[in-house]
Structure formats: C-alpha cells, structure tokens
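I opened my notebook to look through this fold piece by piece. Here is what I looked up.

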Amino acid sequence: MMILVISLILDVVAIVFVVLTVPETIVMLLTATVLLLAAVLIASILVGTHYTVDQTTLKIVSGPIRLRVDLGDINSVKATRNPLSSPALSLDRLMINYGKNRKVMVSPADKRGFLKAIGQELEN
C-alpha cells in the first residue's frame, strides 16, 4: 500500500510541476490529463479495494478490476508474499487457487474471518 501512496503523491507533484513549468498549453494539458488519469486510477485502487463474501460467491473489487469466484470452485488457499500484481494492498497475501489452474491473490485485513467466510482453511 505504501508504494501506491508514494506513487499517488509523486503523481500529484508531477501534475503541479507540469502545470507550472510547461510553456506550451497543449503539451501541458495533455501531460497533466494523463497524469491525472493515473492519479485517479491509483486512488481508486487505494480506496476501492475490498472483498465481499455471500453464500455462494467471493466478489473482489480493486479499482477497475471486478472478479467473482464461486466458493465451490475454490481448491485451496495458501499464505504468500508474492509481489506480482493482484487486487491486494499488502504483500501479506492469500493465494486462492480456484477452477482449472486459476489463481488470485488477496490481502484481507482479517485473514481468519476471511477464511471462515469463504469456508476454507489455510494450506501449508
């Protein structure tokens, strides 16, 4: 999460820098727009990452990412610190293996409660 916060801060600083220093209006507007879109994406990931469990489905939301996993399709759950991109705000993650060779990593604040909600135990 810290990397995302730092990225957002640097993005905002870059927007201010571009607006104050780029003399050509069109270049400044295009650059500032791209940087602003990146800032919105980062903010939506920071604020919008959450996991919802109902009786049959795990719903994963992280910025523009929307994923549904049927609870009956979950094969195993393992603890991991894998840094690959995923809808998780921490490196303290759970790797959910589901379906045929599908995986997703999540980082719920309450791992025990999450595991109980999805009806799984942590695999060694």
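**Entry 1: the S5 and S6 pair.** I began with strand S5 (residues 93-98) and S6, which pair in the antiparallel sense over five bridges. Two strands pair if DSSP finds at least two bridges between them. Strands are DSSP runs of E with at least two residues, helices are runs of H or I with at least four, and both are numbered from the N terminus. I picked out Leu94 and found its bridge partner in S6, Val106.

**Entry 2: ground rules.** I noted that this is a predicted model, where local features need pLDDT of at least 70 and side-chain atom pairs count only at pLDDT 80 or more, while totals for chains, interfaces and linings use all residues. Residues are numbered from 1 along each chain as its sequence is written, and side-chain values use heavy atoms, with hydrogens and water left out.

**Entry 3: the loop between S5 and S6.** I found Asn101 in this loop. Asn101 is not a glycine, yet it has a positive phi of about 60°. Is Asn101 buried or exposed? Asn101 is exposed, with a relative accessible area of 80%. (Buried means under 20% relative accessible area, exposed over 50%, partly exposed in between, with a 1.4 Å probe and protein chains only.)

**Entry 4: the four-stranded sheet.** I traced the order S6-S5-S4-S7 in an open sheet with mixed pairing. Strand S6 (102-106) and strand S7 (122-123) are at the edges with a single partner strand each, so one side of each has no neighbour in the sheet. I then saw H3 lying across strand S4 (74-80), S5, S6 and S7. H3 runs at about 15° to S5. (Axes are lines fitted to C-alpha atoms, for helices over the stretch in contact; angles run from 0 to 180 degrees between N-to-C directions. Contact means heavy atoms within 4.5 Å.)

**Entry 5: the three-stranded sheet.** I listed a second open sheet, in the order S1-S2-S3, with antiparallel pairing. Strand S1 (50-53) and strand S3 (65-70) are its edge strands, each pairing on one side only. From one strand to the next, the twist averages 15°. Four bridges join S1 to strand S2 (residues 57-62). Val53 has Leu58 as its bridge partner in S2. Six bridges join S2 to S3. Val61 stands opposite Arg66 in S3. The hairpin of S2 and S3 has two residues between the strands, and there Gly63 takes a positive phi near 60°.

**Entry 6: the aromatic pair.** I counted one aromatic pair in the structure. The ring centres of Tyr51 and Phe114 are 6.1 Å apart and the planes are at 65°, so this pair is edge-to-face. (Rings of Phe, Tyr and Trp, the last by its six-membered ring, pair if their centres lie within 6.5 Å; planes under 30 degrees apart count as stacked, over 60 as edge-to-face and the rest as tilted.) Tyr51 lies in strand S1 and Phe114 in helix H3 (residues 111-118), so the pair ties together parts 63 residues apart in sequence. Tyr51 and Phe114 are both buried.

**Entry 7: two helices.** How do H1 and H2 cross, at roughly what angle? The axes of helix H1 (residues 2-21) and helix H2 (residues 25-48) cross at roughly 160° and come within 9 Å. That makes H1 roughly antiparallel to H2. (Under 35 degrees counts as roughly parallel, over 145 as roughly antiparallel, 65 to 115 as roughly perpendicular and the rest as oblique.) Among the residues making the contact, I noted Leu4, Leu8 and Ile15 of H1 and Leu35, Ile42 and Leu46 of H2.
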